[in-house]
Amino acid sequence: MAKVGKRTAAAREAFGGKQNVTVAEAASLVKDNAKAKFDETVEIAMTLGVDPRHADQMVRGTVSLPHGTGKTVRVAVFARGEKADEAKAAGADIVGAEDLMETIQGGTIDFDRCIATPDMMAVVGRLGKVLGPRNLMPNPRVGTVTMDVKQAVEDAKGGQVQFKAEKAGVVHAGIGKASFSAKQIEENMLAFVEAVGKAKPTGAKGTYMKKIAVSSTMGPGVSIDVASATGNA
């Protein structure tokens with residue numbers, strides 16, 4: 001049997017018997033037990049009653065967290081002319097057109113969010129097999145295909161989080177850092193859960209939110225009472 005380290009053992013003991021807790025309790029537990037030498041990311045995972053293989057059950061969207069993510073987001077923008085200048089002025093890290101496409105095709109993806117003006121989608125479309133699996137493909141439904149590149153860049157830099165249901169109907173995202181206060185983590189969690197709730201697709205049947213769990217990068221997870229998180233307690 002593998003030996004359990006002192007830190008892991010202590011975290012497991014702290015979480016022992018504590019499941020289906022309130023959002024506030026979960027925030028405090030995760031923060032207090034994030035003992036790694038780096039600032040751990042607080043991560044949320046939600047199991048939804050959807051099958052995203054069906055178009056009318058896909059869940060995706062964005063949410064601007066009240067306290068940001070605590071992460072520096074590198075933004076790439078596909079644009080030309082004035083819109084390229086606008087993107088640079090707004091703080092985009094990488095701006096280009098065919099040259100950026102070639103860089104990405106060459107295997108260099110040095111960004112966390114990709115934005116494009118509508119006229120650039122013919123170019124960006126060639127990168128579907130590269131950007132799609134990484135959830136980086138610009139999409140008008142989440143505001144990353146837009147003429148308002150200034151706003152899109154500012155949103156990305158300001159802590160906006162994108163989410164999308166995976167095959168098993170699970171949505172997950174980083175919603176802050178362990179260095180945040182417990183109250184900030186709690187408020188970010190509530191904002192994320194609310195956004196996923198508003199993104200409920202028309203084809204969803206039965207229970208929509210089945211399970212919510214939160215953890216830090218190196219810590220154990222704790223499940224949250226769904227009614228508490230959605231205000232239906």
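**Close-up views of a predicted model**

View 1. Ala 152 belongs to helix H7. Apart from neighbours within four places in sequence, Ala 152 has contacts with Ile 115, Gly 143 and Thr 146. Arg 126 stands 26 residues from Ala 152 along the chain, and the C-alpha atoms of these two residues are 22 Å apart.

**View 2. Helix H3 packs against helix H7.** Helix H3 covers residues 81-90 and helix H7 covers residues 149-157. The crossing of H3 and H7 is right-handed. On the H3 side, the contact is made by Lys 83, Glu 86, Ala 87 and Ala 90. On the H7 side, Val 149, Lys 150 and Val 153 take part. Of the residues in this contact of H3 with H7, four are nonpolar, three are charged and none is polar.

**View 3. Helix H2 packs against helix H8.** H2 spans residues 23-32, and its axis lies 8 Å from that of H8. The angle between H2 and H8 is about 125 degrees, so these two helices are oblique to each other. H2 and H8 form a right-handed crossing. From H2, the residues that meet H8 are Val 23, Ala 24, Ala 26, Ala 27, Ser 28 and Lys 31. Their partners in H8 are Ala 182, Ile 185, Glu 186, Met 189 and Leu 190. The contact of H2 with H8 is made up of eight nonpolar residues, one polar residue and two charged residues.

**View 4. Phe 163 and Phe 192 form an aromatic pair.** A pair of aromatic rings is described by the distance of the centres and the angle of the planes. The count for this model is one aromatic pair. In the pair of Phe 163 and Phe 192, the ring centres are 5.6 Å apart and the planes are at 70 degrees. The arrangement is edge-to-face, because the angle is over 60 degrees. Phe 163 lies in strand E6 (residues 160-164) and Phe 192 in helix H8 (residues 182-198), so the pair ties together parts that are 29 residues apart in sequence. Phe 163 and Phe 192 are both buried.

Conventions:
Residues are numbered from 1 along each chain as its sequence is written. This is a predicted model: local features need pLDDT of at least 70, side-chain atom pairs count only at pLDDT 80 or more; totals for chains, interfaces and linings use all residues. Side-chain values use heavy atoms; hydrogens and water are left out. Rings of Phe, Tyr and Trp (its six-membered ring) pair if their centres lie within 6.5 Å; planes under 30 degrees apart count as stacked, over 60 as edge-to-face and the rest as tilted. Helices (H or I, at least four residues) and strands (E, at least two) are DSSP runs, numbered from the N terminus. Buried means under 20% relative accessible area, exposed over 50%, partly exposed in between (1.4 Å probe, protein chains only). Axes are lines fitted to C-alpha atoms, for helices over the stretch in contact, and angles run from 0 to 180 degrees between N-to-C directions. A crossing is left-handed if the near helix is turned anticlockwise from the far one by less than a right angle, and right-handed if clockwise. Contact means heavy atoms within 4.5 Å. Ala, Val, Leu, Ile, Met, Phe, Trp, Tyr, Cys and Pro count as nonpolar, Asp, Glu, Lys and Arg as charged, and the others, Gly among them, as polar. Angles under 35 degrees count as roughly parallel, over 145 as roughly antiparallel, 65 to 115 as roughly perpendicular and the rest as oblique.
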